[in-house]
Amino acid sequence: MLTDIFQKLIFVIVGVLFIASAATILFRLKNVNRAERTQIFKTAEYFNAWIILVCFITTLVYGIFNHFELKKSVHAIVSLNYSEASQALNSNGTRYNMAEIISDEVVQKAIEKGALKDVTVKQLKNCLAVYPCVQGGVGDESQYHISTEFAVEYHASGDTAHLDSDNVINLITSAYKEYYIEKYTDNFKLDAEEPDFSQMEYMDIVSYFDKETQSILNYLYGMAEKNPSFITENGSTFNSIAGKVHQFKETQINQNLKSLILQNGIVRDRNEYVDRLSYQNKNIDFDRQKNDASYRLCNEAIDMYSEEMTRVVLVPTWDQAGKYYMGRTKVGVDELSVMATKFSNYVASNEKEMMDNNLILNKISSNNSDAQFSSFADSLIESIYESIKGFEKEAITAGREYSRHRMNQCIAVTIYGVSLMSELKTLVLFAGFTYIALVLYRISKKFPKKA
């Protein structure tokens, strides 16, 4: 704040000196004749040592204050290099909004990221501005333009004067990249809250764990398909993490936990669970009967076709190149065969589901579970849940590393301060202005007040 005051004060003093000297000469010109006037300007000391010294000192002081003042302002160019940017879209197809670069969330993240002290989101946001580098018009189609480059400016105020400007703009752009990755690129998260396992049947917990691990695997396989060679900071790939999750699922969930529950008939409420499985089997059997009836109906319809009708049927056809050929066409048997296969698969799936339920019913009906086995199962469940959360965190971290790597190529940031040449140019202009003001002041002293 003080540097701004002193900088402007020095400039005002030199400006007042220049205006006062020029006005004095202008008003006193009538007090001398033309010959005297010419003599004054000819004999003026344009290269006086005192003038040069005062000019040098003034310019030096002004340059120091100007340097500190310029350090308070900096700007960056955020360039969007992905294909959707030219359509004013984010990478996920949603509408792009440049105001998010300096949004409250981004500014808050920057403050936390840089541990900035004694500054609020509102104070820092008031020092920021964002605008497109190239703006189009709406007059006609030739003026249409969607900018993919945006300028972010930071000008320190009294509340933020204690902060380093370069550090602030770096934090803002870095926080924006993280914000963009979290909001618009691939993201993955399981259920945030831990379910109350004490209120769930043990086999339902097994199904829950299967679903959670499969969700992690689906995410990892999808990321691996995008970039199978990407390596995280820990030296892992998406496929290697997926391999660990798959092995964990097969050994800890399907073998250890599931086998422990089935072999020992561990159940929380035996009667209620038996009734539920029995009811499920009735519904599944009803579906199985419908699918089996549809399967048999398709086969009966196929048998109605005569042998001659089921042979290959060729019809005259023209291809895309305009050439004539005999093409095979489908007959009703083809459609019926596909439908029969589909219903047959449904029947097999229904029967398998009923067999699984019957296996559980037999195990829990024939065994009286010991409290010790239940306690051991509860401990194993907690351990498996913590491991799944660990895999989830590892998958999210790997995905964000990949997104950050990809977005570093898609979102480029270039930071610009005031160049040394620009600063020197300002000093040269100020020095010339000061020197002229001082020379005019000395010349004005030679003009008499009255004729």
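Predicted model: local features only at pLDDT ≥ 70, side-chain atom pairs only at ≥ 80, totals over all residues.
**Start of α6.** Residues are numbered from 1 along each chain as its sequence is written, and side-chain values use heavy atoms, with hydrogens and water left out.

I then checked the span of helix α6 (residues 165–184): its end C-alpha atoms are 28 Å apart, which agrees with the 28 Å that its 20 residues should span at 1.5 Å a residue, the expected span being 1.5 Å times one less than the number of residues. Helices (H or I, at least four residues) and strands (E, at least two) are DSSP runs, numbered from the N terminus.

**Strand β1.** I noted that 6 of the 8 residues of strand β1 (residues 73–80) are buried, so β1 is largely enclosed by the rest of the structure; buried means under 20% relative accessible area, exposed over 50%, and partly exposed in between, with a 1.4 Å probe and protein chains only. Strands pair if DSSP finds at least two bridges between them. β1 runs antiparallel to β3 (residues 149–155), joined by 7 bridges, with V74 opposite Y154; β1 also runs antiparallel to β6 (residues 411–416), through 6 bridges, and here S79 stands opposite A412.

I located I25 in helix α1 (residues 2–28), where it counts as buried at 8% relative accessibility. Leaving aside neighbours within four places in sequence, I25 is in contact with F41, L440, I443, S444 and F447, contact meaning heavy atoms within 4.5 Å. The C-alpha atoms of I25 and K445 are separated by 8.5 Å, although these residues are 420 residues apart along the chain.

I found T434 in helix α12 (residues 420–446); at 2% relative accessibility T434 counts as buried, and, with neighbours within four places in sequence left aside, T434 is in contact with V14, C55 and T58.
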